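Hi,

Here is the structure I promised to pass on.

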Amino acid sequence: EKSKQIIAAGRLHPDKDFSSLLRIWSMVSPKHPDWTLKIAGEGALAHPLKEQARDLGIADQVLLTGALPHDQLLREMARSACYALTSVAESFGLVLVEAMSCGTPPVAFDVRVGPRAIIENGKDGFLIPNRDETRFADSLLRLMCEPEKTGITPEACRQKASRYYRENVMKQWEGLLEEEKIS
């Protein structure tokens, strides 16, 4: 069952740009003061992020959990209305696949390479162009308030994530190796 929370995870480092996520949350939180933003991870920016949340007036709605054991992180993902990814750069973005495998739709900035390779915008998550924080906030609100109207379902998220499960990736590798043998 989904809780009134949004989750993000990663090292507390400028590359993950949780500072943007806090600004985004400051647009969302006045409309939903009973919701929580959880950020799982540790790093040098923990204290500055807590200060920023306090300065933005959202400290009561933001929980920096520190690092969580993997199974606990997956449970938090499964309970969350959506996963938020604000990275300035991302390679593959395994965390997106993990969230989607829990039936949790992602909202991510459309940065070079990663999220676009995983998320099909409007089908199994939202890709936000040009680091548009207002549009990111609007997408979070849509998933929080009217998830059924987005057309993004937990099943669509799980289906997309299943492409990256070990057994499916192994089948693709086996197929490629077979093709090479035949050639």
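Strand β5 (residues 106-109) is covered on both faces: P106 and A108 are buried on one side, V107 and F109 on the other. Buried here means under 20% relative accessible area, with exposed over 50% and partly exposed in between (1.4 Å probe, protein chains only). Strands (E, at least two residues) and helices (H or I, at least four) are DSSP runs, numbered from the N terminus.

Before I go further: this is a predicted model, so local features need pLDDT of at least 70 and side-chain atom pairs count only at pLDDT 80 or more, while totals for chains, interfaces and linings use all residues. Residues are numbered from 1 along each chain as its sequence is written, and side-chain values use heavy atoms, with hydrogens and water left out.

Back to β5. On one flank, β5 pairs with β4 in the parallel sense over 3 bridges; two strands count as paired if DSSP finds at least two bridges between them. L85 stands opposite A108 of β5. To get from β4 to β5 the chain goes through α4, and this β-α-β crossover is right-handed (with the strands pointing away from the viewer, the path from the first strand over the helix to the second runs clockwise). Strand β6 (residues 126-128) also runs parallel to β5, joined to it by 3 bridges, and there A108 stands opposite L127.

β4 has both faces covered as well: C82 and A84 are buried on one side, Y83 and L85 on the other. β4 pairs with β1 in the parallel sense over 2 bridges. I7 stands opposite Y83, and the bridge partner of I6 in β4 is C82.

How many residues of β1 are buried? The count is 5 of the 5, so β1 is largely enclosed by the rest of the structure. Q5, I7 and A9 are on one of its covered faces, I6 and A8 on the other. β1 and β2 run parallel and are joined by 5 bridges, with K38 in β2 as the bridge partner of I7. The chain crosses from β1 to β2 through α1, again in a right-handed β-α-β crossover.

Now the helix I'd look at, α3 (residues 70-79). Its buried residues are L73, E76 and M77. Down the axis of α3 they fall within an arc of 100°, so they line one face of the helix; the arc is that of the directions from the helix axis to the C-beta atoms. An α-helix has 3.6 residues a turn, so residues three or four places apart point the same way. The cover over the buried residues of α3 includes β1 (5-9), β2 (36-40), β4 (82-85) and α4 (94-101).

On to the core. The largest nonpolar core has 51 residues, and the ones touching the most other members are I6, W25, I39, Y83, F136 and L140. A nonpolar core is a set of buried Ala, Val, Leu, Ile, Met, Phe, Trp, Tyr and Cys residues joined through side-chain atoms within 4.5 Å. Leaving aside neighbours within four places in sequence, F136 is in contact (heavy atoms within 4.5 Å) with L21, I24, A84, L85, T86, V107, A108, F109 and I128.

A few loop residues are worth a look too:

- S29 sits in the loop between α1 (18-28) and β2 and, at 4% relative accessibility, counts as buried. Its side chain makes a polar contact of 3.3 Å with that of Q61. Such a contact is a pair of N or O atoms within 3.5 Å; within protein, one must be able to donate a hydrogen and the other to accept it, and residues adjacent in sequence count only if both atoms are side-chain atoms.
- P14, in the loop between β1 and α1, is exposed at 53% relative accessible area. Beyond its neighbours within four places in sequence, P14 is in contact with L45 and V88. The C-alpha atoms of P14 and A44 are separated by 9.6 Å, though the two are 30 residues apart along the chain.
- N130 lies in the loop between β6 and α6 (133-145), with a positive phi near 55°. At 75% relative accessibility, N130 counts as exposed.
- R131 is in the loop between β6 and α6 and has a positive phi of about 50° without being a glycine. R131 is partly exposed, at 29% relative accessible area.

On those last two, most residues other than glycine have a negative phi.

Cheers
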